[in-house]
Structures are given as C-alpha cells and as structure tokens.
Amino acid sequence: MDLQNYSLVSEFVLHGLCSSRHLQYFFFIFFSGLYVAIMLGNLLIVATVISNSRLYSSPMYFLLGNLSFLDMWLASFATPKMIRDFLSDRKLISFGGCMAQIFFLHFIGGAEMVLLVSMAYDRYVAICKPLHYMTMMSHRTCIGLVLVSWAIGFVHSISQIAFTVNLPYCGPNEVDSFFCDLPLVIKLACMDTYVLGILMISDSGLLSMSCFLLLMISYAVILITVRQRSAGGVCKALSTCSSHVMVVTLFFGPCIFIYLWPFSRFSVDKLLSVFYTIFTPLLNPLIYTLRNEEMKAAMKKLRNQCLAFH
C-alpha cells in the first residue's frame with residue numbers, strides 16, 4: 001500500500017470512560033482517591049517486608065513484596081493520565097506515549113502473571129514438602145523466580161510492541177478506551193491486520209491461560225495432597241490458599257476475557273480494564289493483609305517504630 005498519500009498518525013484520541021461532564025468530575029475525585037490508596041497500600045507492604053528481616057527472609061513475604069511493587073507500576077502506567085483526562089475536553093496521547101502504555105501494560109502484566117505462579121509454587125512447597133521448604137525456596141531461588149518473571153514479562157512485551165510500532169497508522173486515530181490497549185490499537189492500522197492481530201493477541205491469551213491453568217493445577221494438587229494426609233488439614237490449606245485464589249481470579253478473569261474475544265468489542269471491556277488495572281492492585285493489599293496476622297503485626301511494629309522516631 002502506498003502510504004505517501006496519507007498523513008501518518010502522530011497522536012491518538014482516547015474516548016475515556018464516559019462522555020458525561022458531571023460523571024467525569026465525579027470520576028476524577030473517585031479515581032484520585034483510589035490511586036492514592038493503591039500507592040499507599042502497596043508501598044506500606046513493600047516497606048513492611050523490607051524493614052522486617054524476618055518477613056524479608058521469608059519466601060512468601062518476599063514474593064508478596066515484589067507483587068505489591070508490580071501492582072504500583074500496574075496502577076501507574078495509565079491511571080494518572082486517565083485522572084488528568086477527566087478534566088480535559090480532548091483526551092490526546094502521543095504515538096510514543098501510546099506505544100509506551102502498551103509496552104508497560106504487557107511488561108508488568110506478564111511479569112505479575114509469572115510471579116503469581118511463583119507464589120503458588122511457594123505455597124505448594126510449603127504445604128506439600130514442608131521438610132524441604134527452606135532448601136527448595138532459598139532466598140537465591142526467590143530472587144531467581146522474581147528475575148525470571150521480569151524477564152518473561154519483558155520478552156512478552158517486546159514481542160508485542162515490535163510489531164505494533166511498525167504498523168502503518170494513517171487514520172482513524174480514535175481509541176475506544178481510557179488507555180492504549182493492543183486489540184484496540186492494531187485495528188487502527190491502515191492495512192489488513194487480522195492475521196497479525198490473531199498471532200499477537202494469541203501470545204497474550206496463551207500466556208494468560210497457561211499461567212492460569214498452572215495456578216489452578218497447583219492449588220488442586222495442594223488440596224488433594226493435604227486431603228490424603230489429614231481431613232482436618234483441608235480447611236487449613238483452603239484458608240492459606242484462598243487469598244491467592246481470590247487474587248488469581250480477580251486478575252486473570254478480565255485478562256482472559258479481553259484477549260480471548262478481542263474482536264468482539266463490548267462496553268463491559270472498559271469495566272474489565274478498570275478492574276485489572278486499578279481495582280486488582282487496590283484489592284491485593286487488602287486481601288493479603290487483612291487475613292494475615294503476621295503481616296498486621298509487622299505493620300503495627302513498623303508504625304510504632306515510626307512514631308518513636310518522630
């Protein structure tokens with residue numbers, strides 16, 4: 001296709017969450033409060049884990065601290081701009097900014113998926129192989145698992161953005177969301193991207209489904225193993241893993257829906273996008289801390305240390 005007769009797109013127009021001016025003022029206040037809560041909640045978890053040597057040396061809490069760190073980035077790649085756009089008449093984003101959002105979404109999202117699998121593996125070893133736990137889940141192993149999650153997220157994201165950034169965009173330039181997402185952006189290219197879109201989105205769908213299945217299998221193995229050992233242990237295992245299962249469901253559900261049916265757009269997709277980019281990072285600190293006495297005790301100790309310091 002000869003692109004010389006077309007003007008290349010230098011920016012995209014985001015439709016945002018809604019067009020109502022009154023609702024946008026309400027959303028500005030609402031999501032500003034949520035974003036502050038996300039950053040403070042996850043930062044508190046990270047600070048608590050780092051400041052407490054016992055938690056930092058514990059594989060479960062070390063991985064939890066890294067999950068909170070990723071959640072802060074997941075909530076930050078698009079939310080601040082979305083909040084600012086609530087006060088703007090035209091919601092514009094540069095071409096580079098749009099590509100950056102796609103990159104960070106898939107980088108952080110991919111890393112978090114793999115990290116959740118690592119956390120499930122940690123629970124498997126702790127419950128099914130308790131005598132070998134400290135050997136199998138050494139601090140070196142935990143650091144390796146975190147680095148692997150970041151590496152897989154980076155490779156996954158690069159594979160997505162390498163094709164997207166080189167597509168010819170010559171109009172239209174309107175994205176029906178509050179941030180640039182892969183299925184929405186590639187269909188704006190002025191060429192037939194159906195096959196390429198299937199390949200690229202299958203990459204995201206494959207990563208989401210494979211991680212989700214690994215997680216479900218690991219938790220099933222945990223419950224079966226505990227049930228074979230003692231009937232009373234099932235309740236304890238359920239209590240230990242229930243918070244992880246809740247996080248997995250909240251995070252993977254919207255991702256799988258969006259990337260398994262990318263060419264059938266529904267208005268509910270915006271809600272799902274809000275859910276896994278904003279509400280999941282908000283709920284993670286609540287799920288992991290409100291049900292965890294050890295974490296609450298460590299936070300109380302950190303608070304007392306801060307008060308004593310002042």
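**Entry 1: H5 and H7**

In which hand does H5 pass H7 in their crossing? I'm working from a predicted model here, and in it the crossing of H5 with H7 is right-handed. I looked up where the two helices sit in the chain: H5 covers residues 95-128, and H7 covers residues 139-164. Their axes come within 7 Å and cross at roughly 150°. Then I checked what kinds of residues make up the contact of H5 with H7. I got 14 nonpolar, 9 polar and no charged residues.

**Entry 2: H3 and H7**

H7 turned up again, this time with H3. These two pack at an angle of about 25°, and their axes are 10 Å apart. Angles under 35 degrees count as roughly parallel, so H3 and H7 are roughly parallel to each other. Their crossing is right-handed. I wrote down who touches whom: from H3 come Pro59, Phe62, Leu63, Asn66, Phe69 and Leu70, and from H7 come His139, Cys142, Ile143, Val146 and Trp150. Sorted by class, that contact has 9 nonpolar and 2 polar residues, with no charged ones.

**Entry 3: H3 and H1**

Next I looked at H3 (residues 59-74) against H1 (residues 21-51). Their axes lie 9 Å apart, at an angle of about 150°. That makes H1 and H3 roughly antiparallel, therefore. The crossing here is left-handed. On the H1 side I noted Met39, Asn42, Leu43, Ile45, Val46 and Val49. The H3 side brings Tyr61, Phe62, Leu64, Gly65, Ser68, Phe69, Asp71 and Met72. The residues of this contact split into 10 nonpolar, 3 polar and 1 charged. I also spotted two H3 names from my last entry: Phe62 and Phe69 meet H7, and Phe62 and Phe69 meet H1 too.

**Entry 4: the sheet**

Time for the strands. How many strands form the open sheet, and in what order? I found 3 strands in the order E2-E1-E3, with mixed pairing. E2 (92-94) and E3 (174-175) are the edge strands; each has a single partner strand, so one side of each is left without a neighbour in the sheet.

I then went through the pairings. E1 (residues 11-14) and E2 run antiparallel and are joined by 3 bridges. In that pairing Phe12 has Ile93 as its bridge partner, and Glu11 stands opposite Ser94. E1 and E3 pair in the parallel sense, over 2 bridges.

**Entry 5: salt bridges**

Last, I checked charges. Side chains of opposite charge can pair when their charged atoms come close. The count of salt bridges came to 4. I followed one of them up, between the side chains of Arg54 and Glu294, at 2.0 Å from N to O. Which parts of the chain does the pair link? Arg54 is in H2 (residues 53-56) and Glu294 is in H12 (residues 293-309). The two residues are 240 residues apart, so I'm noting this as a link between distant parts of the chain.

Notes: Residues numbered from 1 in each chain as written. Predicted model: local features only at pLDDT ≥ 70, side-chain atom pairs only at ≥ 80, totals over all residues. Heavy atoms only, no water. Axes fitted to C-alpha atoms, helices over the stretch in contact; angles between N-to-C directions. Helix = DSSP H or I, 4+ residues; strand = E, 2+ residues; numbered from the N terminus. Parallel < 35°, antiparallel > 145°, perpendicular 65-115°, else oblique. Left-handed = near helix turned anticlockwise from the far one by under 90°. Contact = heavy atoms within 4.5 Å. Nonpolar A, V, L, I, M, F, W, Y, C, P; charged D, E, K, R; others polar. Pairing = 2+ DSSP bridges.
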